[in-house]
Amino acid sequence: MARFSKSVRLPYTPEQCFDLVSDIRRYPDFIKWITAMRVTEEVALGDGASSCLGDAVIGFKGFTERFSTRVTKTPSDGNVIASLVKGPFRRLRAEWQITPQDKGTDVRLEIDYDFKNPFIGMLAAANHDLAVSKILQAFLDEGRRRFGAVSGAAPGV
């Protein structure tokens, strides 16, 4: 079992950061481990909130895994939560929290997971800090691509 979180300050508005994090369809475009994503069962929940099912394919060092999460997006709270539906995990919950700051926006990713396969779990545990740093760096790079570089921008992860 593993639980960890990491934050980065991005030089973009909270709305831009929320759009970046909640746009799971485009994850394969900029997160190299996510090789495919299918989004179905999209439902409006009111007050701008929505929910969908995300079916992802992940490839890493010769391993390929598929899993599904229920993704709930709540712009008014600045959070995006992905909860396990099915896959190689006993447990998976990823929560993005977007918090406005005076200069930019803090984006925090908290993940709580446990793999069914102990070998994959050990591999993931040994590499989770690096993996989360690379994921946050991918979001920073994608933000620069989508929204442009900002003078005095926050450094990389």
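Student: Why is Arg91 called partly exposed?

Tutor: In this predicted model, Arg91 has a relative accessibility of 28%. The partly exposed class lies between the buried limit of under 20% and the exposed limit of over 50%, so Arg91 at 28% counts as partly exposed.

Student: What makes Arg91 and Asp112 a salt bridge?

Tutor: The closest N and O atoms of Arg91 and Asp112 are 3.0 Å apart. The criterion asks for a side-chain nitrogen of Lys or Arg within 4 Å of a carboxyl oxygen of Asp or Glu, and therefore the pair of Arg91 and Asp112 qualifies at 3.0 Å. This pair links distant parts of the chain, with Arg91 in strand S6 (residues 89–100) and Asp112 in strand S7 (residues 105–115), 21 residues apart.

Student: How do you know whether Asp112 is buried or exposed?

Tutor: The relative accessible area of Asp112 is 16%. Buried means under 20%, so Asp112 is buried.

Student: What makes the pairing of Arg26 with Glu142 a salt bridge?

Tutor: Their side chains meet at 3.6 Å, N to O. The limit is 4 Å, so the pair of Arg26 and Glu142 meets the definition. Arg26 lies in the loop between helix H1 (14–22) and helix H2 (27–30), and Glu142 in helix H3 (residues 118–147), 116 residues apart.

Student: Why is Glu142 called buried, while Arg26 is called partly exposed?

Tutor: Glu142 has 4% relative accessibility, so it counts as buried, the limit being under 20%. Arg26 has 30%, which falls between 20% and 50%, and therefore Arg26 counts as partly exposed.

Student: How do you know that Arg26 also forms a salt bridge with Asp23?

Tutor: The closest N and O atoms of Arg26 and Asp23 are 3.8 Å apart, and the criterion is within 4 Å. Asp23 counts as partly exposed, at 23% relative accessibility.

Student: What makes Asn79 a buried residue?

Tutor: Asn79, in strand S5 (residues 79–86), has 11% relative accessibility. Since buried means under 20%, Asn79 counts as buried. Leaving aside neighbours within four places in sequence, Asn79 is in contact with residues including Phe18, Thr72 and Trp96.

Notes:
Residues are numbered from 1 along each chain as its sequence is written. This is a predicted model: local features need pLDDT of at least 70, side-chain atom pairs count only at pLDDT 80 or more; totals for chains, interfaces and linings use all residues. Side-chain values use heavy atoms; hydrogens and water are left out. Buried means under 20% relative accessible area, exposed over 50%, partly exposed in between (1.4 Å probe, protein chains only). Helices (H or I, at least four residues) and strands (E, at least two) are DSSP runs, numbered from the N terminus. Contact means heavy atoms within 4.5 Å.
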